[in-house]
Amino acid sequence: MSTFQLDTATSRATPTPQPLRRLTVPAIRERKRDGVTDEPIVCLTAYTARQAQLLDAHCDVLLVGDSLGQVIYGLPSTLPVTLEMMANHAAAVVRGSYHAVVVVDMPFGSYEASPAAAFASASQLLKASGAAAVKLEGGEAMAETVDFLISRGIPVMGHVGLTPQAVNVLGGYGARGRGEAEATKILRDARMLANAGAFAIVVEGVLEPTAIRVTRDVPCPVIGIGASAQCDGQVLVTDDMLGMFERVPRFVKRYDELAERIGTAAAAYAEEVRARRFPAEDHTYQAR
Ligand code: KIV
């Protein structure tokens, strides 16, 4: 256990309460019983130790999403994200948390070829990070892989609807589940993942009636993003809901305007440096 705890001797670490009581994957799965989830599952993305420290107490699940490609690395999509990036950020999030279940995204190209390839990648991610579970995108085509991983000790969260790693096939990031055929396919995908043993399924960017159908139909918790308040839980990209970006998807509610506030703070600092008013005496070392 100590491998993944924070070194509290370093200046900015938050002490980890003892004993360390983390939620478990089965506890998240059990939130939905007989099709009903009394306590919705709260999930946010986290990519760094400090972000995890700040979010952990409020969340049931911290998702180390491959959205870090855009959010942290400024990449144009999630496609270039590597296993190494995911492992490093997941390890930081595990070190910065003690309560939430940490789930790490499997990056594009690391799992699709075969169940064996998926096991090699997923086991590497969990070994390197201490995360509890992986998430992968895709429905029916991934059901065999999901079963393979779970029967070998790796819990899996599914992801259907708008699956950003398939942007080149989908032709963009528009909402899914518009026509009956597409809605039925999403429903079938979710059912197949649930039957294969996924402990929860993210349903992203689908029309609300489709999200509600999936939530009612699938036995495991369905976690919505741009889907419906009727889902068993919700996930958002933290930087989106904090207002770190000018442009966010339409469904995102902004709970703060951090980008603006950071700009204001940086401008105040810059002004004081240029006027030689920083550091003031109370921010310098004085001889005693
Ligand atoms: O990568 C990510 O952050 C995600 C969420 C948006 C569900 O997959």
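Visitor: Okay, what kind of model is it?
Guide: It's a predicted model.

Visitor: How many helices and strands does the protein have?
Guide: There are eleven helices and ten strands. The radius of gyration is 20 Å, close to the 19 Å that the globule rule gives for 288 residues, so the protein is as compact as a globular protein of that length.

Visitor: And what does the C-alpha trace span along its principal axes?
Guide: About 70 × 40 × 35 Å.

Visitor: How much of the protein is buried?
Guide: Buried residues are 48% of the 288. As for the accessible surface, it comes to about 15,000 Å², and 54% of that belongs to carbon and sulfur atoms.

Visitor: What about contacts between residues 24 or more positions apart?
Guide: Those account for 57% of the contacts with a separation of 6 or more.

Visitor: Switching to charges: how far apart are the mean positions of the positive and negative ones?
Guide: They're 1 Å apart, counting 28 positive and 32 negative charges.

Visitor: Now the inside. Which residues have the most contacts within the largest nonpolar core?
Guide: Val104, Val134 and Ile201, in a core of 58 residues. Helix 4, residues 83-95, gives the most to this core, with seven residues. There's also a second, separate core of 16 residues, which includes Val25, Cys43, Val61 and Val235.

Visitor: Back to Val104, what is it in contact with?
Guide: Leaving aside neighbours within four places in sequence, Val104 is in contact with Val64, Met86, Ala90, Leu125, Leu126, Ala131, Ala133, Val134 and Lys135.

Visitor: I see a histidine, His89. Where is it found?
Guide: In helix 4.

Visitor: Buried or exposed, that His89?
Guide: Buried: its relative accessible area is 12%, and the cut-off is under 20%. Beyond neighbours within four places in sequence, His89 is in contact with Tyr47, Val64, Leu68, Ile72 and Tyr73.

Visitor: Tell me about Val237, then. Where is its place?
Guide: Val237 is in the loop between strand 10 (233-236) and helix 10 (238-241). This valine is buried, with a relative accessible area of 14%.

Visitor: What does Val237 touch?
Guide: Not counting residues up to four places away in sequence, Val237 touches Thr45, Tyr47, Ser67 and Val71. Take Ser67: it is 170 residues from Val237 along the chain, yet their C-alpha atoms are separated by 7.7 Å. Tyr47 is a contact of Val237 and of His89 too.

Visitor: One more, Asp34. Where does it lie?
Guide: In the loop between strand 1 (32-33) and strand 2 (36-37). Asp34 has a positive phi of about 50° without being a glycine, and Asp34 is exposed, with a relative accessible area of 82%.

Technical notes. Residues numbered from 1 in each chain as written. Predicted model: local features only at pLDDT ≥ 70, side-chain atom pairs only at ≥ 80, totals over all residues. Heavy atoms only, no water. Helix = DSSP H or I, 4+ residues; strand = E, 2+ residues; numbered from the N terminus. Rg over C-alpha atoms; globule rule 2.2 N^0.38 Å. Buried < 20%, exposed > 50% of the residue type's maximum accessible area, 1.4 Å probe, protein only. Contact = heavy atoms within 4.5 Å. Areas by Shrake-Rupley, 256 points an atom, 1.4 Å probe, with all protein chains shown as cover. Lys, Arg positive; Asp, Glu negative; His and termini not counted. Charge placed at Lys NZ, Arg CZ, Asp CG, Glu CD. Core = buried A, V, L, I, M, F, W, Y, C linked by side-chain atoms within 4.5 Å.
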